[in-house]
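Good morning, and thank you for making time for this item.

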Amino acid sequence: MGYLALGAGVLTSQTYETKLRDTNGDRYDTTYGQEDWASRFDIVFGFGERIGDLYLATEFNYTVGNLDGDIISARNNQGDRAELSVDAGDGLGVSVRVGRMFTDTTLGYAKVTYQQRELEFTGNYRLNNSSGHESEDEDFAGFGVGLGFEYVPPDSPLGIRAEAMRIDFGDETFSDDFKVDLVEHSFNLFASYHF
């Protein structure tokens with residue numbers, strides 16, 4: 001049985017673990033994060049099969065992301081400043097859901113996923129009366145796991161589901177001296193149509 005679902009990230013948080021090496025060779029490891037309500041939306045197309053009480057499904061998703069904001073904002077008394085912002089953009093993914101039917105209308109499931117997301121890091125600085133602006137895009141990809149619950153009323157093609165996910169996108173290098181490791185946590189709600 002096929003299905004189409006539209007989802008929203010009710011709450012999404014991203015953690016960025018940065019590793020920076022300065023010109024002296026010193027390394028600085030720092031963790032930043034941001035979170036927001038309704039900051040991602042998903043379009044999902046999938047196929048599922050019920051075998052007794054067991055449910056198996058494969059699905060493909062397109063994610064529209066709009067989680068963005070400043071993760072670093074620093075100033076000193078001399079007027080120097082530095083700002084780093086992150087914009088989590090769109091992405092693609094493929095997932096497998098394995099679950100158990102508790103009744104004919106309710107399903108509890110575990111989900112394993114492989115996701116790709118585009119992130120844009122933008123830095124602005126002013127130091128000793130000089131200023132600069134840098135922006136760089138990078139595609140992050142990684143695996144995630146989650147748990148969910150789905151309800152489809154009897155004799156109806158419509159359903160709802162809720163799921164919690166954790167996706168470890170791994171790290172990407174933005175320059176020779178700046179590396180970012182990305183982890184995303186989200187709680188998502190979906191409305192689905194089964195055909």
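This is a predicted model: local features need pLDDT of at least 70, side-chain atom pairs count only at pLDDT 80 or more; totals for chains, interfaces and linings use all residues.

Residues are numbered from 1 along each chain as its sequence is written, and side-chain values use heavy atoms, with hydrogens and water left out.

Along the principal axes, the C-alpha atoms fill a box of roughly 70 × 25 × 20 Å. Of the 195 residues, 38% are buried; buried means under 20% relative accessible area, exposed over 50%, and partly exposed in between, with a 1.4 Å probe and protein chains only. Contact here means heavy atoms within 4.5 Å. Among contacts between residues at least 6 apart in sequence, 61% join residues at least 24 apart.

I turn now to one pair of strands. Strand S5 (residues 67-75) and strand S6 (residues 81-101) run antiparallel and are joined by eight bridges; two strands pair if DSSP finds at least two bridges between them. Ala-74 has Ala-82 in S6 as its bridge partner. Five residues lie between the strands of this hairpin, and Gly-79 there takes a positive phi near 90°.

Strand S6 also holds Ala-88. Is Ala-88 buried or exposed? Ala-88 has a relative accessible area of 0%, so it is buried. Apart from residues up to four places away in sequence, Ala-88 touches Gln-14, Gly-65, Asn-66, Leu-67, Arg-117, Glu-118 and Leu-119.

Ser-186 is placed in strand S10 (residues 178-194). Its side chain forms a polar contact of 3.2 Å with that of Asn-188. A polar contact is a pair of N or O atoms within 3.5 Å; within protein, one must be able to donate a hydrogen and the other to accept it, and residues adjacent in sequence count only if both atoms are side-chain atoms. Beyond neighbours within four places in sequence, Ser-186 is in contact with Leu-11, Thr-12, Arg-40, Glu-163, Ala-164 and Met-165.

Next, Arg-50, found in strand S3 (residues 40-51). Arg-50 has a relative accessible area of 36%, so it is partly exposed. Its side chain reaches the backbone oxygen of Gly-52 at 2.9 Å and makes a polar contact of 3.3 Å with the side chain of Asp-104. Arg-50 and Met-101 are 51 residues apart in sequence, and their C-alpha atoms are 8.4 Å apart in space.

Finally, the aromatic rings. How many aromatic pairs does the structure hold? There are five. Rings of Phe, Tyr and Trp (its six-membered ring) pair if their centres lie within 6.5 Å; planes under 30 degrees apart count as stacked, over 60 as edge-to-face and the rest as tilted. Tyr-16 and Phe-121 are an edge-to-face pair, because their ring centres are 6.0 Å apart and their planes are at 80°. Since Tyr-16 lies in strand S1 (residues 2-21) and Phe-121 in strand S7 (residues 106-127), the pair ties together parts that are 105 residues apart in sequence. Both Tyr-16 and Phe-121 are buried. Tyr-193 and Phe-195, by contrast, form a stacked pair, 6.4 Å centre to centre with 25° between the planes. Tyr-193 is partly exposed at 42% relative accessible area, and Phe-195 is partly exposed at 48%. One aromatic cluster is formed by Phe-45, Phe-47, Tyr-193 and Phe-195.

Key: Helices (H or I, at least four residues) and strands (E, at least two) are DSSP runs, numbered from the N terminus.
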